[in-house]
Amino acid sequence: MDLKHSMGLAGQNLLNCLCPTRNYLPYWALDVDRDYRAEFRFSWPAHNLGRWWDAMLRLEAATDFALPAREEGAMLENLRRFFDNPDNLCFAPLDWEGVEPRFELHSLRESLLALNALVRYRNSRWAAQQGHRMLETIRRVSRPDGSWDIAGFDYGRRTTNLIARHQDPTGSNGRLIEALVWFYEATGDPLALELADRFARYHLANTTRPEGEFNDASRADHTHSYLGTLRGLLLFGELTGQQGYVDAVLATYRVTVRRMVKESGFTAHDLGTDRRGETTSPGDAAQLALWLARHGHPEFLDDAERIVRARLLPSQVTACSDLRPRTDDGRDEHANLNERVIGGLGGMHTEPHAGKHNVTDVTAAGLHTLIDIYQHIAFQTRAGLTVYLHLDYEDERVRVTSERAEQARVAIVLKGTTGRDNVLIRVPRWTPAESVSLTVDGRSCSSLMLGPFAYVPASATSGQPGAEIVLMYALPVHTALETTDGVEYEFTWRGDDVVGIHPNSDFFPFYPTARTRTLPARGEGVPPGGAVR
């Protein structure tokens with residue numbers, strides 16, 4: 001389970017999605033017909049500028065991936081040009097031929113994420129200053145009730161292309177909270193904290209309920225924005241030490257998010273619907289689960305790993321040789337399609353569990369999630385070296401290797417002084433306790449269970465570098481029914497991996513096809529919920 005390799009594929013995809021004839025602005029998507037004719041579609045670069053910078057600089061910081069100087073220079077020039085307007089917001093220049101002007105507030109988050117990334121990873125003074133100018137505009141035109149003074153935007157008066165849908169509170173300022181928190185942490189700009197507080201207060205009251213049920217007072221209709229608002233509330237609560245925000249997100253995760261994101265990871269793009277899936281929202285849910293684990297709820301780590309294994313990674317295009325240009329005219333949007341489709345993550349997939357669609361902003365958001373997951377596979381806590389997730393990882397302290405055959409095998413090799421640390425290794429709750437075994441350098445080792453973690457004291461490894469701890473456990477097989485968009489699917493699970501689905505599609509499928517159906521259809525003796533374990 002080489003997460004780093006998948007991250008590298010996604011990073012290369014985000015380089016390949018840039019349009020050289022438009023100074024390397026990002027395309028919106030690589031659209032593929034059922035007959036595998038394809039072409040790049042250019043739209044809404046202001047949204048993808050921010051997503052691209054956030055994902056790419058995070059990837060570079062987390063791995064050995066390096067941005068090419070040409071593309072980085074062009075994208076920085078583009079970002080400066082998009083911010084060069086009286087509003088100091090990231091809008092398409094009105095005089096750029098071939099780039100459609102679009103007034104919208106949905107991308108405020110993405111714009112600030114780009115500036116945050118440049119401050120953090122490039123020490124950019126311009127980005128810090130530009131971010132402050134941006135925040136001054138937001139303070140001037142935002143209202144306490146979550147709405148906006150639209151007449152206060154200069155850009156909105158100079159274009160007739162106004163995008164109204166995402167001006168609702170979650171679609172605009174709710175999803176912005178996390179970027180405000182990160183920008184404050186990177187710069188110390190007090191205005192970022194002031195605005196985060198303003199928007200967090202509103203959304204605590206209007207987007208959450210104490211018992212965790214969905215609150216539609218903020219008129220949320222976009223799943224990713226709703227989950228992004230929850231992410232922001234959690235981060236704001238952490239930053240300011242206000243437990244009420246963390247508790248609200250915890251309750252909402254338990255009651256609403258786990259209902260919204262299906263066991264397979266399928267999540268609808270639009271709230272209240274059961275179609276048009278995309279992979280950004282399950283990534284949001286995986287990160288919420290990861291973050292809640294550090295607040296004393298490690299049971300949610302099972303959710304995080306399942307979403308990565310069963311939805312995010314299966315949604316990635318890893319091979320393709322069948323694409324043909326819709327028009328064979330030699331233009332860039334029709335060039336090198338089979339190479340440039342590789343690495344795309346899910347996108348707005350055209351079928352519930354198939355039809356992978358290479359959409360730039362979704363790949364960037366998915367990469368953002370995978371990087372966060374990767375950086376929390378194994379890390380230092382006050383209790384010792386803690387292994388949260390059973391995915392491949394290596395740094396100067398530890399190497400983690402995850403293999404799955406008849407059983408799961410997780411090997412942790414300690415490096416350097418790490419051998420003198422206590423080690424805690426998560427044991428999935430879904431595996432039978434009697435199947436779990438632990439060895440240190442080949443010798444059986446009994447372990448104290450601390451919640452879901454097997455505890456290996458430093459004394460068990462003799463404090464020596466190179467010690468190998470191996471955790472093994474069973475991968476129970478079960479089948480479960482899940483209905484999406486009126487179609488009932490039977491999943492075959494092996495542990496937290498999907499190893500078969502019926503019915504399946506032959507168009508960019510996420511999973512192998514199950515040989516035969518083993519469960520009756522609902523209404524034929526299957527209990528509510530459909531799962532047989």
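**Salt bridges and cores in a predicted model**

I start with a pair of charged residues: aspartate 329 and arginine 331 form a salt bridge through their side chains, at 4.0 Å from N to O. Bear in mind throughout that this is a predicted model. Aspartate 329 counts as partly exposed, at 37% relative accessibility. Arginine 331 is also partly exposed, with a relative accessible area of 47%.

Some of the salt bridges share partners, and in this way Arg51, Arg109, Glu110, Arg175, Glu178, Arg231, Asp284 and Asp361 are joined into one network. How many salt bridges does the structure hold? The count is 46.

Two other pairs are on my list. Arginine 254 is partly exposed, its relative accessible area being 43%.

Is lysine 262 buried or exposed? Lysine 262 has a relative accessible area of 18%, so it falls under the 20% cut-off and is buried. Aspartate 274, at 28%, is partly exposed.

Now the nonpolar side. The largest nonpolar core has 152 residues, and within it Leu3 and Leu79 touch the most other members. Apart from that core lies another, of nine residues, including Ala310, Tyr489, Val498 and Phe510. Going back to leucine 3, what does it contact once neighbours within four places in sequence are left aside? The partners are Val308, Leu313, Leu370, Ile373, Tyr374, Ile377 and Leu391.

Last, threonine 369. This residue lies in helix 15, which spans residues 360-374. Threonine 369 has a relative accessible area of 2%, and it is therefore buried. With neighbours within four places in sequence left aside, threonine 369 is in contact with Gly283, Asp284, Ala286, Gln287 and Leu312. Asp284 has come up already: it is one of the residues in the salt-bridge network.

Definitions and conventions: Residues numbered from 1 in each chain as written. Predicted model: local features only at pLDDT ≥ 70, side-chain atom pairs only at ≥ 80, totals over all residues. Heavy atoms only, no water. Helix = DSSP H or I, 4+ residues; strand = E, 2+ residues; numbered from the N terminus. Buried < 20%, exposed > 50% of the residue type's maximum accessible area, 1.4 Å probe, protein only. Contact = heavy atoms within 4.5 Å. Core = buried A, V, L, I, M, F, W, Y, C linked by side-chain atoms within 4.5 Å.
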